[in-house]
Amino acid sequence: MTKEGRRSNFVIKPSQHDNRIDVELKNAPIVWDLENGNVSFFGIDSALFWTDPSLVRMLSPLAKEIGLDLFQLLIAYSSSFGTYEDYHAMVSTLGKTFKTGFLAWGEAVSTAGWGVFEMPEFNAKAQKATVIIHNSWEIRMQRNLPAEERWGCPFLQGKIIGIFSHAFNTRCWADVFCYYDQDKPYAELKIFPSKKTIEDEIKKFRYLQMAKKEQVLAKKVEDRTVELKQAQKQIEEYSKTLEQKVAQRTSELLNTNKQLQAEINIRRQTENALQQSYDTLNHTLAASPIGIVLVENRILKWANDEFTSLFRFESKKDYQNKSTRQLYVNEKDYLYFGRMFYDEAKAGEPIEGEATVRRKDGSTFPAHIKISSIDPSDPMQRAVLSISDITSRKQAEQTLLNTTKRLQSITDSSQDAIIVIDRQGKILFWNPAAKQIFGYTHQEAMGQELHHLLMLQHYSKVYNNAAVIFQQIGQGNAINKTIELEAVRKDGEKIAIGLSLSAIDSQDGWSAVGIIRDITEQKKTYEMLIQSEKMLSVGGLAAGMAHEINNPLAGMVQSANVVKSRLRDIDMQANLKVAEELGISMEDITAFMEKRNIFRMIDAIQESGARAAEIVNSMLSFARKSDATVSSIYPDKLMDEILELAATSYDFKKQYDFKSIKIIKEYADNLPLLPCEGAKIQQVLLNIFRNGAQAMQTAKTKSPRFILRIFSKGEPEMVHIEIKDNGPGMDEQTRLKVFEPFFTTKPVGVGTGLGLSVSYFIITENHKGTMDVISEPGKGANFIIRLPVDKQKDI
């Protein structure tokens, strides 16, 4: 047959409606309803085909026949209908602004396979915007087509043009850029004001297309006219003969035709009705994204294309008239579905479940199976079985499970506490490190308000103010920062923490994740470093001061001694000689000095000089290493010797009544030998006892006591010595300064402010240990000394 003799597979039929296009593709009727914005195939709404993998095989010939440009415009025009309702829903229901409403609408339609929507650019003033749609059904459907056969995303284009025309209150156009070959394919739409409309573009394209067709048709008419003129001559020659034959046969055929026509009309009506029903059912089953098979007595009889594709059957012979057992991997699943189907089908109910099935090539996949009986009175006689591949869903579930396990492993192994709270401040997540730091188990913490559980009361006002802002917009001064706070453990102990807080936006509102680190020891170490730096800087100053003070001090004390001996010693020859020369007796001079308290004043000078010399010696301890001999001694023995010394010391007896203070000893067994300078350690411990006794006496503490602890458990390379009293304690400001040189809380003339600073220097510099104090007002003071068991070479 010649090209001109072949009949086109594609026909555009004239329509009685201006807003409708009728298309016939290989005798298949397709109606494009422009007013209602939808396409139907054999009367079936196109929305039924959105998830059908075979849709692209149906649309590709249509696009080729009518041309990609007109195809795109017609789809865009159809999809633009109903956009006013979409826009109205965006600004009235889905969001407070068009932008938030549009993105919320995008999330809603993404569940129908439209893709994931983003709006990186939105300029209402300039009436411009950019919308990116990831993984839309149009792009997914066309990814495997050659580039020249792809038609883009006209459905999304029509929607976007319609919506933004309402949003900007002006005509808009959207240029579409499709990226099929990315790891995550997406479409980018650039929206801008334009005088173009989809309707005008369709009319313009139709006009151009019609003009081309007219030119082609005119050429065909011209060629055909020539052929007809030639044929006309032949027809005229045969016409005379044919007229005679036709007249004769016409008479014969008229009678036969009347009889046949009656039979044909009846048969045609029957065939048309049957064909219409068959076509409708066939197209419905062919377009289904689910494999469908007709089963008689558990024997496969008929299946749609999706079923054949799903099981990779090459022809009907591969499955027809074979048992459904070949589909199941496990005999157990085959028997289970058969037994359950028989029981449920009698009640008129379909059954469904999951099983692992086998393809022709031996590969397997997880499937969702649904079986419905055609005749409930005899379920096994005839049934319809539908099967869908759920591999992707199972993989997604496993991926989610693996991700959850990995996150759980990370949070469980973290040394920092990880806590998640909701917008009300209630705990949603509590990892093992949080239990380790704060003492609360997971069951005890979950659902509790974090602030009430862990935070101190003085943070309440700041927390309440910040919580209001955080609940509304997920922001605050502490968000995305690391701050230092005080918290309280389950056992009531206060600890210092570093808190890093981040906000999380979810459907339930704002929540927060906090990463918390216990920095108590870190802060103590930092305080000790600061104290050591202070002591080192004061050491240089002390050396210079002590040297400058020592010389005049020695002259003053020596002169006072000479004055006293010359005025009081009545037997000294030099005194007697001078008194005789002046006519005065030494007895009178001595009596005068006694009466005028001169000797008491000289004694005061000597006592002040001795005290000043003691201060100078203390200051010199900062500036030079001790030359004393290091010896090893048991720490408990050293403590007992110092207690005995304190109990018998005149100064302790006279001022503090040391024996009235209760001593509680808590010494560990098998303590190691402690290499140290015994005299220096004695000086340190006596200073602590003296300060504690004085503080308890001043505060009039009832039942004063010292608790003495010595142990090395938990840190075998160090010996711990703790001296705890039940005196008035000290506030935090005093505690931080207690080791500073010349800092004292005692009255003028009572304390020098050097006792504890010298003690700190002896422990940290001379013995390479640590010295700290824990105290709160009204709770006494606990001095903690740590000394190394292995003596450093530079002691």
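Is Cys-178 buried, partly exposed or exposed? Cys-178 is partly exposed, because its relative accessible area is 22% and buried means under 20%, exposed over 50% and partly exposed in between (1.4 Å probe, protein chains only). This is a predicted model, in which local features need pLDDT of at least 70, side-chain atom pairs count only at pLDDT 80 or more, and totals for chains, interfaces and linings use all residues. Residues are numbered from 1 along each chain as its sequence is written, and side-chain values use heavy atoms, with hydrogens and water left out.

**Cysteines**
- With a disulfide taken as a pair of cysteine sulfur atoms within 2.5 Å, the count comes to zero.
- Cys-178 is in no disulfide, and the nearest cysteine sulfur, that of Cys-153, is 3.6 Å away.
- Cys-676 counts as buried because its relative accessibility is 1%.

**Glu-349**
- Glu-349 lies in the loop between helix 9 (331-345) and strand 12 (351-358); helices (H or I, at least four residues) and strands (E, at least two) are DSSP runs, numbered from the N terminus.
- Glu-349 has a relative accessible area of 47%, so this residue is partly exposed.
- From C-alpha to C-alpha, Glu-349 and Ser-372 are 7.3 Å apart in space, and in sequence they are 23 residues apart.

**Asp-571**
- The loop between helix 15 (520-568) and helix 16 (573-582) holds Asp-571.
- Asp-571 is exposed, because its relative accessible area is 60%.
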